Amino acid sequence: MTSDAQGSCELPDTAAPAREADTAGTGADLDRRAGAITDATTAAVDAAITSRRSVRAFLPTPVPRATVEQILAVAARAPSGTNTQPWRVHVLTGASRGSLSAKLCAAFDDPAAAAEHTPEYAYYPERWTSPFIERRRKVGWDLYGLLGIGRADKAGMHAQHRRNYRFFDAPVGLIFTIDRLLERGSWLDYGMFLQSVMIAARARGLDTCPQVAFIPFHRLIAEHLRLAPEEMVVCGMSLGHADPNAVENRLHTERVPPAGFARFHD
Ligand SMILES: Cc1cc2nc3c(=O)[nH]c(=O)nc-3n(C[C@H](O)[C@H](O)[C@H](O)COP(=O)(O)O)c2cc1C
């Protein structure tokens, strides 16, 4: 399994040949890029970004390995400080995806086992304050509302959270790792890479759900993927074709418009 997963994250030799050819600094690459931006390009890029949302129910339709490789090759054009490229990706499909899901679900279902699994890093703050707590609550209750899960329905919430560990039935599960020696700056780079994966997926009609739900179970994941000692689990991601009939996929989250978060200084 290890060699498969790691083999899947190796980029094909053909990745971005035009840019590599321009390392001599002729400017030809820049000219080509300037000319390539038309209104259609703008519309397509904006559509790929704005149509991305977290999908939590997928069809079993497979995603070809070549498509996953293309998505990763495109996403690897993400910037990173001094081109450090801190990302490392484990691509899980078939039996490997299924057996990891089974192990994670078993641990999640057993309260004693689950209590032994704690995240290696804090994704969320220890203390929630406004306005973040309200936004967090809203998205949670909106999702549960669509699914008919009431506020006292602990079993319903458990079942929905558990679906994370089945990659929401997506045919492709991604586990992202980083060298734990790297600093916060590299995590910034990592976020750009993750978003690029999700946008490149949209550009191919595919959907995703980024998932921090995996991080408490990093020891199980490390064992399953035979992670190198320096590899730390950043998050997971489901990738596949959205189920258009699933009620949870009707969730549309709100955003504060720029006037609410940007100040222009003239
Ligand atoms: C790094 C990261 C981790 C996330 N982890 C989870 C997760 O474990 N499970 C889940 O259902 N959604 C997860 N989400 C999805 C967020 O809830 C979602 O992005 C947010 O509510 C905004 O909705 P949208 O993605 O549909 O625009 C995660 C998002 C990010 C960026």
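In this predicted model, Cys209 stands opposite Ser238, a residue of strand β4. The strand β3 (207–211) runs antiparallel to β4, which covers residues 231–240, and the two are joined by five bridges.

These strands belong to an open sheet of four, ordered β1-β2-β4-β3, in which the pairing is antiparallel. At the edges lie β1 (88–92) and β3, each of which pairs on one side only, and neighbouring strands of the sheet are turned against each other by 25° on average, with direction ignored. Strands of a sheet pair through backbone hydrogen bonds, in either a parallel or an antiparallel manner. Helix α10, residues 184–202, packs on the sheet, where it touches β2 (172–179), β3 and β4, and its direction makes about 155° with that of β3.

The largest nonpolar core holds 43 residues, of which Leu174, Ile175, Phe176, Val197 and Leu239 touch the most other members. At least two residues of this core come from each of α5 (65–75), β1, α6 (94–109), β2, α10, α11 (218–225) and β4, and the largest share, seven residues, is supplied by α10. Leu174, when its neighbours within four places in sequence are left aside, is in contact with Val89, His90 and Val91, and also with Gly236, Met237 and Leu239.

Which residues of α11 are buried? They are His218, Ile221, His224 and Leu225. Seen down the axis of α11, these buried residues fall within an arc of 125°, and therefore they line one face of the helix. An α-helix has 3.6 residues a turn, so residues three or four places apart point the same way. After α11 comes Arg226, whose phi is positive, near 50°.

Confidence in the prediction is summarised below.

| Part of the model | Confidence |
|---|---|
| Protein | mean pLDDT 91 |
| Helix α1 (residues 2–9), lowest | mean pLDDT 34 |
| Strand β3, highest | mean pLDDT 99 |
| Residues 1–22 | pLDDT below 50 |

Of the residues of the protein, 89% reach a pLDDT of 70 or more. Where pLDDT is low, the predicted coordinates should not be read in detail.

Methods
Residues numbered from 1 in each chain as written. Predicted model: local features only at pLDDT ≥ 70, side-chain atom pairs only at ≥ 80, totals over all residues. Pairing = 2+ DSSP bridges. Axes fitted to C-alpha atoms, helices over the stretch in contact; angles between N-to-C directions. Contact = placed C-beta atoms within 7 Å. pLDDT = per-residue confidence, 0-100. Core = buried A, V, L, I, M, F, W, Y, C linked by C-beta atoms within 7 Å. Buried ≥ 20, exposed ≤ 12 C-beta atoms within 10 Å, placed from the backbone. Arc of directions from axis to C-beta.
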